[in-house]
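This briefing reviews selected local features of one protein model. Please keep the sequence and the structure at hand while reading.

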Amino acid sequence: MLVAGFSTEEMMRLVAEVDKDTKDDSEFSIAMGWAEGDEWEAKQRELDRFDNYDVRGLTLRGPHGPMALTWTWVLETRGGELKARLCARPPGKQINKSKSDLYCPTPLSFSLKLLMVYAIAKDFAIDFFDISRAFLYAPIRGLVYAEVPKEYFHFPDSSDWVFKLNKTVYGLNEAIIDFDDHFENIATGRSDESNMTFKRFLSDPCTFADRANQAAMSKYVDD
């Protein structure tokens, strides 16, 4: 991925340097090829998603304040439009007891080929779809608090308040597996939000089939 002529690694390094000790990032915005107004609008759209997807609640800071997550913004242009993603920056080093807390399975190439061949043989419709901001749909495990971003204009003085996260967010190690669990619950109908009746393959945890409705699907997480 290239953003305004920068590689992903270069962009992340610049973001980290600017976020570290820069109060006014207008020069950084101009250098990357977008105006401050565009950046503000992109950030507000992302914060609106947090509201619309019920990603967070608000609570008084209390004793959990020192453990609240902080945030960092990742900006990129897609199709000529500036997009902003709010990513969590956990305090200290995250410790995970199992690799299953970090990694989401990916589909087997054999499964994808099998589904394609079967669909063509049966003359089934084949469709592809993308879940935008996928992680923001998945319920978060445990109690997680985060600072209120300075761009959240509903609370100009947010020092006494923190976000209580209801959904997982980008930047958390556990986000990808939380989404994987949520996707399975939706696909198999274990969630109250769904009436789907797919079954997960034992041989491939990313592939699902619904024999009654003659449907199958495979998912791939690339975030």
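The points below cover strands, a helix, a loop residue and aromatic rings.

The model is predicted: local features need pLDDT of at least 70, side-chain atom pairs count only at pLDDT 80 or more, and totals for chains, interfaces and linings use all residues. Residues are numbered from 1 along each chain as its sequence is written, and side-chain values use heavy atoms, with hydrogens and water left out. Helices (H or I, at least four residues) and strands (E, at least two) are DSSP runs numbered from the N terminus; two strands pair if DSSP finds at least two bridges between them.

- An open sheet is formed by 3 strands in the order 3-7-6, with antiparallel pairing.
- Strand 3 (56-60) and strand 6 (145-147) are its edge strands, each pairing on one side only.
- On average, neighbouring strands of this sheet are turned by 40° against each other, direction ignored; the axes are lines fitted to C-alpha atoms, and angles run from 0 to 180 degrees between N-to-C directions.
- Strand 6 is joined to strand 7 (residues 161-165) by 3 bridges, and Ala146 stands opposite Phe163 in strand 7.
- Arg61 is placed in the loop between strand 3 and strand 4 (70-78). Its C-alpha atom is separated by 8.8 Å from that of Phe163, 102 residues apart along the chain.
- The side chains of Arg61 and Glu147 are joined by a polar contact of 2.7 Å (a pair of N or O atoms within 3.5 Å, where within protein one must be able to donate a hydrogen and the other to accept it, and residues adjacent in sequence count only if both atoms are side-chain atoms).

**Strands 8, 9 and 10**

- Strand 8 (residues 199-200) pairs with strand 9 in the antiparallel sense over 2 bridges, and a hairpin through 6 residues joins the two.
- Strand 9 and strand 10 (residues 215-218) run antiparallel and are joined by 4 bridges. They form a hairpin with 4 residues between them, and Gln214 in the turn has a positive phi of about 50°.
- Within strand 9 (residues 207-210), Thr207 and Ala209 point one way, Phe208 and Asp210 the other, and all are buried (under 20% relative accessible area, with exposed over 50% and partly exposed in between, for a 1.4 Å probe and protein chains only).
- Ala209 has Lys199 opposite, while Thr207 has Ser218 in strand 10 opposite.

**Aromatic rings and charges**

- The count comes to 8 aromatic pairs (rings of Phe, Tyr and Trp, the last by its six-membered ring, with centres within 6.5 Å; planes under 30 degrees apart are stacked, over 60 edge-to-face and the rest tilted).
- Phe50 and Trp71 form an edge-to-face pair, 5.8 Å centre to centre with 75° between the planes. This pair links Phe50 in helix 3 (residues 36-52) to Trp71 in strand 4, 21 residues apart, and both residues are buried.
- The pair of Phe179 and Phe183 is tilted, because the ring centres are 6.1 Å apart and the planes lie at 50°. Both lie in helix 5 (residues 175-188), 4 residues apart, about one turn of the helix.
- Phe179 is buried with a relative accessible area of 6%, and Phe183 counts as buried at 12%.
- One aromatic cluster is formed by Phe135, Tyr170, Phe179, Phe183 and Phe208.
- The charged end of Arg85 sits over the ring of Tyr170, 4.0 Å from its centre, and Lys219 lies over the face of Phe183, 5.7 Å from the ring centre (NZ of Lys or CZ of Arg within 6 Å of the ring centre and within 35 degrees of the ring normal).

**Helix 4**

- Asp123, whose phi is positive, near 60°, follows helix 4.
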